Amino acid sequence: MATSTAPVLLLLPLLLSMSAVMTLAADSNGTTHLSFFMHDITSGSNPTAVKVIKGPGSTLTAPTLGMTFGDTTVIDDPLTATSSPTSAELGRMQGIYMLASQSGAALMVCANLLLTSGAHNGSTLAVMGRDDTGEDVREIPVVGGTGTFRMATGYVLWKTPQGINGTDATVQLDVYVTTDGNGVDALAPAPGGDGGGDSSSGGSAGSGGSKSSSGAATARRMTGGWVVAVVVAVVGSPWVW
């Protein structure tokens, strides 16, 4: 029985179209937008921010913050849905900040944004950068993540709309991140993820328009595998033409 590769040629447009779908899925990585209010409380009997290192100076470098150069604070600040500290808690900001400027109120922030509700429950975003508290809006990089935000990159817009009340502050955070399809593995869901990769936060883990990059990763794997399977089946079959 003669064999021929003519069917492969006939199916080439179909294979190319499926490859195009695979490429489109791989490139359609969206940006997730999350919105929170962080409550940094240093006063009272149950503070969420505690100074652990006192800088050597005796004069306040940043009077508006009540801090001296070198002062370092550990935080476990609640993240809520609105500016009210009694509104729904969506996560925690856990890490440190220190006064890293000898001439102004600029902080070095290094913290993990832990999500505790919604589709991203258990996932984290790593935030590290300069917070110049004298600016109305500060941009701080997102340098990584876990769970549905595995290998995330992006930035946080950091605002203090109500100002600083003594040493306490309410900070508005608008987070924009992408994962390049690494956020969800179809065979082994990331810890804390729901496997669906739905990055639309709704009312449970933030707000704003979002587009899932994890769906793109799943589509990429599924489509690519199908293309390979079809090629193998066609080429390996004893077609007669």
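Tyr 155 is partly exposed, with a relative accessible area of 31%; buried means under 20%, exposed over 50%, and partly exposed in between (1.4 Å probe, protein chains only). The model is predicted, with local features needing pLDDT of at least 70 and side-chain atom pairs pLDDT 80 or more, while totals for chains, interfaces and linings use all residues. Residues are numbered from 1 along each chain as its sequence is written, and side-chain values use heavy atoms, without hydrogens and water.

A search of the whole structure finds 1 aromatic pair. Tyr 155 and Tyr 176 form this pair, which is stacked, at 5.2 Å centre to centre and 25 degrees between the planes. Rings of Phe, Tyr and Trp (its six-membered ring) pair if their centres lie within 6.5 Å; planes under 30 degrees apart count as stacked, over 60 as edge-to-face and the rest as tilted. Because Tyr 155 lies in strand 8 and Tyr 176 in strand 10, the pair ties together parts that are 21 residues apart in sequence. Strands (E, at least two residues) are DSSP runs, numbered from the N terminus. Tyr 176 is partly exposed, with a relative accessible area of 23%.

The largest nonpolar core has 32 residues, and among those touching the most other members are Phe 36, Met 93 and Trp 158. Such a core is a set of buried Ala, Val, Leu, Ile, Met, Phe, Trp, Tyr and Cys residues joined through side-chain atoms within 4.5 Å. Strands including strand 1 (32–40), strand 4 (89–99) and strand 8 (153–159) each supply at least two residues of this core.

Met 151 is in the loop between strand 7 and strand 8. Met 151 is exposed, with a relative accessible area of 55%.

How values were computed: Helix = DSSP H or I, 4+ residues; strand = E, 2+ residues; numbered from the N terminus.
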